[in-house]
Amino acid sequence: MFVKINANDLRDNCADYYVNGRKIASTSSQLCKDLTRITLYENQQPRYKLIEHSRMEWILFNWAYPLSFFLPFFLNPVYDIYDGTKKVGASLERWFKPIHNFSIRNDIYSDHLHKNETFSLHKNGQQIALYIKDPCPFYSTTEQQRSYSIWYDESVPTWIIYMFCIFYDWLFFSCHPGTKKIMVYNDSHIEYTKWRPTL
């Protein structure tokens with residue numbers, strides 16, 4: 001399957017996301033008062049959420065100087081995933097390494113970042129999606145609409161495909177003014193960028 005997601009930045013580092021003009025998700029800023037980072041909608045109602053795990057960790061990361069400078073080198077924020085009020089998953093990295101793995105309903109989802117702002121998603125070791133961010137200028141201080149072209153295996157729930165796209169957009173682009181690049185200097189799995197779903 002193929003789908004295109006468009007992101008529209010709002011105020012306070014928030015964004016809304018659309019597929020074919022239909023709002024599918026929204027993100028919130030990095031504030032401590034609400035640790036819900038991503039809300040995905042089903043039938044125009046909020047259903048799935050990605051929530052930052054610990055308010056104490058947020059405070060340490062952002063306000064406990066000089067700890068806030070050193071902590072990101074040793075400790076990642078942890079994210080929990082909810083279907084309504086039921087926890088169905090979480091990020092797996094805890095120390096040192098950037099977040100690239102999530103457990104969702106007994107499956108492991110892993111991503112690989114590639115050159116040209118492309119990333120691939122794998123479920124239990126098998127590729128299930130390819131995300132390609134449409135080109136933007138190297139750096140812009142103006143707010144821009146961002147869009148992603150996504151190839152994905154239709155056996156995977158659509159909300160999972162959307163969530164990973166939105167998570168990386170939120171992480172790399174919507175939390176900062178303007179647009180920056182994801183730098184990948186050594187793409188050890190360039191073959192993943194050639195993937196397309198089987199029909």
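**View 1. Lining of the largest cavity.** Helix H3 gives the most to the lining of the largest cavity in this predicted model, with 4 residues, and E10 and H3 each supply at least two lining residues. The lining is formed by Glu117, Thr118, Phe119, Lys133, Tyr148, Tyr168, Asp169, Phe172, Phe173 and Ile182, which by class are 6 nonpolar, 1 polar and 3 charged residues. A cavity is a set of points, on a 1 Å grid over the protein atoms alone, where a 1.4 Å probe fits but cannot get out, and lining residues have an atom within 4 Å of a point. The volume of the largest cavity is about 50 Å³, taken as the space filled by probe spheres set on the points, and the count comes to 1 cavity of 30 Å³ or more.

View 2. The 12 strands, E1 to E12 in order, form a closed barrel with antiparallel pairing, and neighbouring strands are turned by 25° against each other on average, direction ignored. Strands (DSSP runs of E, at least two residues) and helices (H or I, at least four) are numbered from the N terminus, and two strands pair if DSSP finds at least two bridges between them. E1 (residues 2-9) and E2 (residues 15-19) pair over 4 bridges, with tyrosine 17 in E2 as the bridge partner of alanine 7.

**Notes on the model.** Residues are numbered from 1 along each chain as its sequence is written. In this predicted model, local features need pLDDT of at least 70 and side-chain atom pairs count only at pLDDT 80 or more, while totals for chains, interfaces and linings use all residues, and side-chain values use heavy atoms, with hydrogens and water left out.

Conventions. Axes are lines fitted to C-alpha atoms, for helices over the stretch in contact, and angles run from 0 to 180 degrees between N-to-C directions. On a 1 Å grid over the protein atoms alone, a cavity is a set of points where a 1.4 Å probe fits but cannot get out, and a pocket is an open set with protein on both sides within 12 Å along at least five of seven lines; lining residues have an atom within 4 Å of a point. Ala, Val, Leu, Ile, Met, Phe, Trp, Tyr, Cys and Pro count as nonpolar, Asp, Glu, Lys and Arg as charged, and the others, Gly among them, as polar.
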